[in-house]
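Hi,

Here is the structure I promised to pass on.

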Amino acid sequence: MKSLLTYSALNCFRNCPRKYQLRYVEHLRRPERPDALAFGSVIHAALESWYRITDDPHRLLKVQALIDAAFPLRDADSEVRHHWHLARAMIEGYAARYPTEPFEVVEIEKEFTAEIRNPDTGRESQTFVIGGKADGIVRLDGELYLLEHKTASSITSDYLDRLWTDTQIALYSHYLRELGYPIVGVLYNCLLKTRLRQRAGETQDEFEIRRAELAAKNKSGRSTAQRQEPETDAEFRARLADWHAAPGAFHRERIYLSEDRMALLTEEVWQITQQYLDAKRRGKWLLNTSHCFSFQRPCDYLPLCQSGFNPNVRANLYEVVPPHEELTQLTVSAGVDDSF
Ligand code: SF4
């Protein structure tokens, strides 16, 4: 039986073979999950639901309920509550911005597997199939596009330029074409995450300090300043709604995919699978230290690598969690199956 290779696993190996080994062979993971990732997952699930029930007159209510269920600790934890407010406001703003769509939804959360081929001979890999899950496939102006949701903290021209380098989506398009979907491009559906925060108000001490500073600037030596009260939920929601009603809160970008680029990518996939088999055969997983700080934060495995793979660091900081990645129905076994 062939093993399923996801884009995440493939990209992980390309970035750092040792990281791949730690994540996909040894199944090590840091217990905590970055908030940004959790927030992105909730929005992703909300959009999936939004597009699955397009004919439902209560669909916004249902998606709001889904978001509420994703933040069960919102009354006990202020940070969870903050993300709940943001997720609700983002989806409510989205619903207001796109009450109807210029496209027809063809597939939502489309899972697929496809053969990886040797680009020189056309022969199928005997070891792997590639698998993935596309956010959606839509028909727009008579042609098929992949629909890809992105949450971002800012949408600059750099950010839009980087969409052209989105290897995962180009590969998905290639393999979905092989499966009978004549995809011509990608429709990126970008949702901006606001930096607004609910105002906490002043403590009595903070107020006294501020009042003293204002009084010192005043000739009379007095100040009429009032203590700032915490912002209520209703006030914060109103501010969030205004923010999401602004033109830049949502953005869509249509990108066409060139045949040349897809041909290069499929060649790269083949090469990476060959390098993987070689690493596994030799039991050598190189450390690519130029990748340790690639995502504006240290790699999750930095403490382990820095410690020289000390077993105490490993036991204290990591838990063993088999990867599930983006596929739910399929078993991800890359790196586990000894029949490679
Ligand atoms: S810390 Fe650096 S060398 Fe170690 S796994 Fe991560 S990217 Fe690779």
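To start: how many residues does helix H5 have, and what does it reach from its first C-alpha to its last? Helix H5 (residues 78–97) has 20 residues and reaches 28 Å, close to the 28 Å expected at 1.5 Å a residue; the expected span is 1.5 Å times one less than the number of residues. Its buried residues include Trp84, Leu86, Met90 and Tyr94 (buried: 20 or more other C-beta atoms within 10 Å of the residue's own, with C-beta atoms placed from the backbone).

Two bits of housekeeping. This is a predicted model, where local features need pLDDT of at least 70 and side-chain atom pairs count only at pLDDT 80 or more, while totals for chains, interfaces and linings use all residues. Residues are numbered from 1 along each chain as its sequence is written.

Now the overall picture. The chain has 12 helices and 8 strands (DSSP runs numbered from the N terminus: helices are H or I with at least four residues, strands E with at least two). Its C-alpha trace spans about 90 × 55 × 35 Å along the principal axes, and buried residues make up 24% of the 340 residues.

Next, helix H10 (residues 259–282) and helix H1 (residues 7–15). Their axes come within 10 Å and cross at roughly 70° (axes are lines fitted to C-alpha atoms over the stretch in contact, with angles from 0 to 180 degrees between N-to-C directions). That makes H1 roughly perpendicular to H10, a label for angles of 65 to 115 degrees. Leu10, Phe13 and Arg14 of H1 make the contact with Val269, Ile272 and Tyr276 of H10 (contact: C-beta atoms, placed from the backbone, within 7 Å).

Helix H7 (residues 167–178) also has an axis that comes within 10 Å of that of H10, crossing at roughly 95°, so H7 and H10 are roughly perpendicular too. On the H7 side are Thr167, Ala170, Leu171, Ser173 and His174, meeting Arg261, Met262, Leu265, Thr266 and Val269 in H10.

The buried residues of H7, among them Ile169, Tyr172 and Leu176, pack against H1, H10 and strands E3 (104–117), E4 (124–140), E5 (143–152) and E6 (183–192). H7 has 12 residues that should span 16 Å at 1.5 Å a residue, and its end C-alpha atoms are 17 Å apart, which agrees. Just after H7, glycine 180 takes a positive phi of about 105°.

Cheers

Definitions and conventions:
Angles under 35 degrees count as roughly parallel, over 145 as roughly antiparallel, 65 to 115 as roughly perpendicular and the rest as oblique. Two residues are in contact if their C-beta atoms, placed from the backbone, lie within 7 Å. A residue is buried if 20 or more other C-beta atoms lie within 10 Å of its own, exposed if 12 or fewer, and partly exposed in between; C-beta atoms are placed from the backbone.
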